[in-house]
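Q: Please take a close look at a single strand in this model and at the strands that pair with it. Then place that part within the surrounding domains, sheets and helices.

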Amino acid sequence: MSNILNNYCLKNHNTFGINVKAKYFSTFNSMLELKDILKINLHKKEKFFILGSGSNILLTKDFDGFILHNKIEGICIIEDNENDIIVEVGSGVVWHDFVMWSVNQELSGIENLALIPGTVGASPVQNIGAYGMEAKDSITKVHTLEIKNKEVKIFSNKECEFSYRNSIFKKEEEKKFIITKVEFKLSKEHFNRTEYGAIEEELKKLKLKAKPASIAKAVIKIRNRKLPDPKVLGNSGSFFKNPVIKTSEFNVLKKEFPEMIGYTISNSQTKVAAGWLIDNAGLKGYRKADAGVHRNQALVLVNYGNASGTEIINLAKKIQQKIKAQYGIIIEPEVSIL
Ligand SMILES: Cc1cc2nc3c(=O)[nH]c(=O)nc-3n(C[C@H](O)[C@H](O)[C@H](O)COP(=O)(O)OP(=O)(O)OC[C@H]3O[C@@H](n4cnc5c(N)ncnc54)[C@H](O)[C@@H]3O)c2cc1C
């Protein structure tokens with residue numbers, strides 16, 4: 001029988017380091033253990049939440065329900081073709097370990113996503129992305145267990161409805177699916193996407209030729225310089241998504257704010273750098289008690305020690321209001337708020 005813990009402390013299960021408890025908490029290491037836990041039917045009586053590494057959540061209070069913590073391991077090649085391989089990965093595998101596994105096999109497709117915290121199972125949820133790559137470009141299938149009837153449902157890439165930091169799994173009604181494994185197609189031909197961020201410059205500094213392992217190495221160096229380590233300073237990476245606005249609106253704003261950073265994403269839409277909006281609004285480095293905006297990365301909210309989830313959320317609201325007042329733009333959180 002599965003071990004269900006009561007009043008379980010979540011401080012070490014969220015990268016913000018928020019000190020709250022879960023009414024019920026249980027870990028599953030396999031599909032069998034998961035089915036075993038679901039037999040108890042606690043998820044029917046209590047609200048529930050699937051937890052990976054807690055690197056994309058903000059806990060604002062004690063969780064009055066059941067947290068299922070995923071630890072399903074395993075990396076298995078299921079197809080090996082001339083140009084690529086298909087690999088099936090347990091949803092509890094640490095994402096960065098999978099990236100390292102891939103580059104050590106000299107495969108290409110996820111190397112630019114090195115050092116993103118979290119689990120493989122969370123990678124399709126918000127379609128993680130960085131340095132010009134997104135998980136959706138390599139994911140072929142997502143295996144899930146439907147909580148309601150405990151049946152396996154497999155989503156094709158198309159059925160996942162991936163978009164910028166979004167997928168079908170983020171929709172409220174779809175939260176009934178627990179991701180148990182993810183299939184990826186990795187290429188034997190190297191993509192060498194070095195045009196984003198400072199990858200090219202970093203490779204030159206490291207005197208390395210472009211290949212998956214060296215790109216991952218460059219990305220790790222850059223990220224270690226730029227982003228606060230959650231083990232040292234609690235945070236959840238980018239707190240807000242970059243807002244997408246009409247290009248016509250962007251052009252008007254650009255006249256008033258010539259330095260505003262935007263990326264054209266279609267004929268009519270521009271993605272605005274939320275970090276620039278926050279920085280230019282004078283909020284970079286802002287701190288109230290232990291909740292703050294990181295002094296180098298305006299998009300990253302941090303816990304200097306003992307901030308509560310409410311203090312972080314109040315700070316996020318203040319930022320949202322200021323951005324709306326100054327630019328007329330609404331910025332939405334990227335993290336799940338509980
Ligand atoms: C320092 C730092 C840097 C970051 N950089 C990036 C970045 O560059 N790009 C980027 O995209 N993200 C980034 N993130 C955010 C985070 O790393 C990703 O969102 C990651 O995928 C979250 O994984 P997790 O296992 O911690 O998920 P959790 O935080 O545990 O959960 C996130 C969401 O996924 C759901 N979920 C998790 N596992 C499952 C499952 N098995 N089945 C169903 N639902 C599930 C949860 O219910 C929740 O809604 C960063 C975070 C930090 C702290």
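A: Strand E12 (residues 177-187) has 9 of its 11 residues buried, so it is largely enclosed by the rest of the structure. A residue counts as buried if 20 or more other C-beta atoms, placed from the backbone, lie within 10 Å of its own, as exposed if 12 or fewer do, and as partly exposed in between. Strands (E, at least two residues) and helices (H or I, at least four) are DSSP runs numbered from the N terminus. The model is a predicted one, in which local features need pLDDT of at least 70 and side-chain atom pairs count only at pLDDT 80 or more, while totals for chains, interfaces and linings use all residues. Residues are numbered from 1 along each chain as its sequence is written.

Strand E7 (residues 84-90) is joined to E12 by 7 bridges, and the two run antiparallel; pairing requires that DSSP find at least two bridges between two strands. Within this pair, Lys 185 of E12 stands opposite Ile 86. Strand E10 (residues 139-146) also runs antiparallel to E12, joined to it by 7 bridges. Here Ile 178 of E12 has Leu 145 opposite.

The domain assignment, which is automatic or taken from a database, gives domain 1 (5-70), domain 2 (75-226) and domain 3 (234-337). The centres of domain 1 and domain 2, taken over C-alpha atoms, are 24 Å apart. Their contact draws 12 residues from domain 1 and 13 residues from domain 2, where contact means C-beta atoms, placed from the backbone, within 7 Å. On the domain 1 side, helix H1 (residues 31-39) supplies the largest share, 4 residues.

Helix H4 (residues 199-206) packs against helix H5 (residues 212-226) at an angle of about 105°, with their axes 9 Å apart. Axes are lines fitted to C-alpha atoms, for helices over the stretch in contact, and angles between N-to-C directions run from 0 to 180 degrees. H4 and H5 are therefore roughly perpendicular to each other, a term covering 65 to 115 degrees, with under 35 roughly parallel, over 145 roughly antiparallel and the rest oblique. In H4, the residues Ile 199, Glu 202, Leu 203 and Leu 206 meet residues of H5 that include Ile 215, Ala 218 and Ile 222.

An open sheet of 4 strands has the order E13-E19-E18-E17, with antiparallel pairing. Strand E13 (234-238) and strand E17 (287-288) stand at its edges with a single partner strand each, so one side of each lacks a neighbour in the sheet. Strand E18 (residues 291-293) pairs with strand E19 (residues 300-303) over 3 bridges, and Gly 292 has Val 302 in E19 as its bridge partner. Helix H8 (residues 309-327) packs on this sheet, touching E17, E18 and E19, with its direction at about 150° to that of E19. Ala 291 lies in E18 and is buried, with 25 other C-beta atoms within 10 Å. Leaving aside neighbours within four places in sequence, Ala 291 is in contact with Asn 303, Ala 307, Glu 311, Ile 312 and Leu 315.

Another open sheet has 3 strands in the order E14-E16-E15, again with antiparallel pairing. Helix H6 (residues 247-256) lies across E14, E15 and E16, running at about 90° to E14.

Methods. Contact = placed C-beta atoms within 7 Å.
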